[in-house]
Amino acid sequence: MLFSGMCKLAIKSVIYIATSFDQLLTIKDISEHLEASEHTIAKILQVLSKHEIICSLKGVHGGFFMTEEQCQFPILKIVKLIDGEGLLNQCVLGLSQCNAKKPCPLHEEYVKAKYVIEGILTKKSIAEFAALVNKGQFNLAN
């Protein structure tokens, strides 16, 4: 199971915003820190804001921020929003006929793996990742 490039960037954007909990960040701030295009970041932030994963303030002194409640959202919420439910429900080989009665060669192992991955993404909050970044345990830039 791999996340799309947009999903990875959305996760990193949200974590970065959460690391700067007490300040507004602009699209430029975020794109520079993540070494990503402003246009792509803008599109991602628009979706995240529309679905209330992050907050935005418009205007000259506007930007993006997160509430304490939003920081507690599981990472899975971002994955499902950007990549959809299919990531966890589709056949790993992309076969439309794959199911428990007629499995593909990877079906059994993948079913187990995706439950583990879904569990991890459900348990891990945005705040947990932000805390690790703030402690210097990992870097969000490429």
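I will go through the charged and aromatic side-chain contacts in this predicted model.

Before the contacts, a word on how they were counted: local features need pLDDT of at least 70 and side-chain atom pairs count only at pLDDT 80 or more, whereas totals for chains, interfaces and linings use all residues. Residues are numbered from 1 along each chain as its sequence is written, and side-chain values use heavy atoms, with hydrogens and water left out.

Let me start with the salt bridges, where a side-chain nitrogen of Lys or Arg lies within 4 Å of a carboxyl oxygen of Asp or Glu; the count comes to two. In one of them Lys28 pairs with Glu32, with the closest N and O atoms 3.8 Å apart. These two residues are four apart in helix H2, residues 27–34, and are therefore separated by about one helical turn (helices are DSSP runs of H or I, at least four residues, numbered from the N terminus). On accessibility, where buried means under 20% relative accessible area, exposed over 50% and partly exposed in between, with a 1.4 Å probe and protein chains only, Lys28 is partly exposed at 46%, while Glu32 is exposed at 52%.

The other salt bridge joins Lys124 and Glu128, at 3.9 Å from N to O; Lys124 is partly exposed at 36%, and Glu128 is partly exposed at 35%.

Turning to the rings, Lys77 lies over the face of Phe73, 4.2 Å from the ring centre, the criterion being NZ of Lys or CZ of Arg within 6 Å of the ring centre and within 35 degrees of the ring normal.
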